[in-house]
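Trainee: I've just opened this one and want to start with the pockets. Walk me through it, please.

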Amino acid sequence: LLRYDGSKKGDIVVIELNFIFFKQQWTSEIMENFDGLTQHYFIDEGTKLPFFLKTWRHKHCLEAGSKGTYIVDEIKYTTPFRLTDWLIYPLLLGQFLYRKPVYKRYFK
């Protein structure tokens with residue numbers, strides 16, 4: 001994490017991805033945020049992305065449910081080629097599925 005202004009509209013987040021042989025910076029701007037009674041969210045859009053992404057929009061959402069709070073990630077992305085849009089999907093899915101047990105342990 002190189003920069004984190006917060007999760008309000010206009011804030012900037014910059015991370016550095018380390019791919020062992022090279023590094024890439026990822027910069028996102030918070031485009032929208034909402035704090036309601038049963039839902040809280042913010043949306044970030046990539047402004048400087050790693051080479052394998054063309055666009056990135058991620059809605060980070062916390063929703064009240066009957067059994068607790070649900071963490072919902074809505075992601076829209078494109079890569080430079082339609083084929084790689086499909087090829088990168090399992091990697092992204094795996095990354096977000098990996099978080100589920102971590103969140104359960106942490107927020108138990």
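Trainee: What classes of residue are in the lining of the second largest pocket?

Mentor: You get 13 nonpolar, two polar and five charged residues there. Nonpolar means Ala, Val, Leu, Ile, Met, Phe, Trp, Tyr, Cys and Pro, charged means Asp, Glu, Lys and Arg, and the others, Gly among them, are polar. Keep in mind that this is a predicted model, where local features need pLDDT of at least 70 and side-chain atom pairs count only at pLDDT 80 or more, while totals for chains, interfaces and linings use all residues. Residues are numbered from 1 along each chain as its sequence is written, and side-chain values use heavy atoms, with hydrogens and water left out.

Trainee: OK. How much space lies in that second largest pocket?

Mentor: About 620 Å³. A pocket here is an open set of points on a 1 Å grid over the protein atoms alone, where a 1.4 Å probe fits and protein lies on both sides within 12 Å along at least five of seven lines; a lining residue has an atom within 4 Å of a point. The volume is the space filled by probe spheres set on the points, which are joined across faces, edges and corners.

Trainee: And which residues lie nearest its centre?

Mentor: Ile71, Val72, Asp73, Lys100 and Tyr103, out of 20 lining residues. The elements giving two or more residues to that lining are β6 (68-78) and α1, and α1 gives the most, with nine. Elements are DSSP runs numbered from the N terminus: helices are H or I with at least four residues, strands are E with at least two.

Trainee: What volume does the largest pocket have, then?

Mentor: About 730 Å³. It has 21 lining residues, and Ile15, Trp26, Trp56, Gln95 and Arg99 are the closest to its centre. Two or more residues each come from β2 (12-18), β3 (23-35), β4 (39-48), β5 (55-65) and α1 (82-106). α1 again has the largest share, six residues. By class, that lining is 14 nonpolar, five polar and two charged residues.

Trainee: Switching to the sheet. In what order do the strands run?

Mentor: β1-β2-β3-β4-β5-β6, six strands in an open sheet with antiparallel pairing. β1 (3-4) and β6 stand at the edges with a single partner strand each, so one side of each is left without a neighbour in the sheet. Strands pair if DSSP finds at least two bridges between them.

Trainee: How many bridges join β5 to β6?

Mentor: 11, and the two run antiparallel. They form a hairpin with two residues between them, and leucine 62 has isoleucine 71 in β6 as its bridge partner. On the β4 side, seven bridges join β4 to β5, with isoleucine 43 partnered by lysine 59 in β5.

Trainee: How many salt bridges does a search of the whole structure find?

Mentor: Four, counting a side-chain nitrogen of Lys or Arg within 4 Å of a carboxyl oxygen of Asp or Glu. One of them joins arginine 57 and glutamate 45, with the closest N and O atoms 2.3 Å apart. That pair links distant parts of the chain, 12 residues apart, arginine 57 being in strand β5 and glutamate 45 in strand β4. Another joins lysine 23 and glutamate 16 at 3.9 Å, N to O, and aspartate 5 pairs with arginine 3 at 2.8 Å.

Trainee: Is arginine 57 buried, partly exposed or exposed?

Mentor: Arginine 57 is partly exposed at 32% relative accessibility, and so is glutamate 45 at 25%. The scale is buried under 20% relative accessible area, exposed over 50%, partly exposed in between, with a 1.4 Å probe and protein chains only.

Trainee: Last topic, aromatics. What is the count of aromatic pairs?

Mentor: Nine. Rings of Phe, Tyr and Trp (its six-membered ring) pair if their centres lie within 6.5 Å, and planes under 30 degrees apart are stacked, over 60 edge-to-face, the rest tilted. Phenylalanine 19 and phenylalanine 52 have centres 6.0 Å apart and planes at 90 degrees, so that pair is edge-to-face. Phenylalanine 19 sits in the loop between β2 and β3 and phenylalanine 52 in the loop between β4 and β5, 33 residues apart. Why is the pair of tyrosine 103 and phenylalanine 107 tilted? Because their planes are at 50 degrees, with ring centres 6.2 Å apart.

Trainee: Which residues form one aromatic cluster?

Mentor: Phe19, Phe22, Phe51 and Phe52.
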